[in-house]
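This report describes the fold, the nonpolar core and the salt bridges of the structure shown below.

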Amino acid sequence: FPTEPPERTKSAVPLINGAVLQYYADLKLVHINRGTNDQVQRGFIFDIFTGGEYKGQARVEVVNPGTCTAVVLNAVDGTQIMQGDRVSTQI
């Protein structure tokens with residue numbers, strides 16, 4: 001039997017912290033200030049938060065050198081995603 005559990009997918013994702021540049025509520029898209037220059041890849045999941053308030057998750061769909069665009073998968077009821085919110089691949 002192995003002595004350690006198999007590696008989880010999330011642990012293979014590098015720690016990437018960034019910020020929301022723009023939120024398009026009608027399209028449920030966030031534009032984030034991290035891209036291929038920061039190791040972002042399509043399919044990465046970012047948690048969205050501000051201070052101690054968790055706001056939801058977004059999955060990266062389009063990646064450019066310095067930015068990416070992600071689809072909001074779930075937003076916490078009663079919160080509002082906005083420009084300047086923090087994002088992280090691991091919280």
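## Terms and basis

A nonpolar core is a set of buried Ala, Val, Leu, Ile, Met, Phe, Trp, Tyr and Cys residues that are joined through side-chain atoms within 4.5 Å. Buried means under 20% relative accessible area, exposed means over 50%, and partly exposed covers the range in between (1.4 Å probe, protein chains only).

The model is predicted: local features need pLDDT of at least 70 and side-chain atom pairs count only at pLDDT 80 or more, whereas totals for chains, interfaces and linings use all residues. Residues are numbered from 1 along each chain as its sequence is written, and side-chain values use heavy atoms, with hydrogens and water left out.

## The barrel

Six strands close into a barrel, in the order β1-β2-β5-β4-β3-β6, with antiparallel pairing. From one strand to the next, the twist averages 45°; the angle is taken between N-to-C directions on a scale from 0 to 180 degrees, with axes fitted as lines to C-alpha atoms. Strands (E, at least two residues) are DSSP runs numbered from the N terminus, and two of them pair if DSSP finds at least two bridges between them. In general, strands of a sheet pair through backbone hydrogen bonds, either parallel or antiparallel.

Strand β1 (residues 17-24) pairs with β2 (residues 29-32) in the antiparallel sense over four bridges, and valine 20 has isoleucine 32 in β2 as its bridge partner. On to β5 (residues 68-75), β2 is joined by four bridges, again antiparallel; here leucine 29 has valine 71 in β5 as its bridge partner. Strand β4 (residues 53-63) runs antiparallel to β5 and is joined to it by seven bridges. In this pairing, valine 62 stands opposite threonine 69 in β5. The two strands β4 and β5 form a hairpin, with four residues between them.

## The nonpolar core

The largest nonpolar core has 16 residues, of which Val30, Ile32, Phe46, Ile48 and Val60 touch the most other members. Two or more residues come from each of β2, β3 (45-50), β4 and β5. Strand β5 gives the most to this core, with three residues.

## Salt bridges

The structure holds three salt bridges, each defined by a side-chain nitrogen of Lys or Arg within 4 Å of a carboxyl oxygen of Asp or Glu. In one of them, the side chains of arginine 42 and glutamate 61 meet at 2.9 Å, N to O. Arginine 42 lies in the loop between β2 and β3 and glutamate 61 in strand β4, so this pair ties together parts that are 19 residues apart in sequence. Arginine 42 counts as exposed, at 61% relative accessibility, while glutamate 61 counts as partly exposed at 22%. Glutamate 61 also meets arginine 59 in a salt bridge (2.6 Å, N to O); arginine 59 is partly exposed, with a relative accessible area of 32%.

Lysine 55 forms a salt bridge with aspartate 85, with 3.0 Å between the closest N and O atoms. This pair links distant parts of the chain, 30 residues apart: lysine 55 is in strand β4, and aspartate 85 is in the loop between β5 and β6 (86-88). Both lysine 55 and aspartate 85 are buried.
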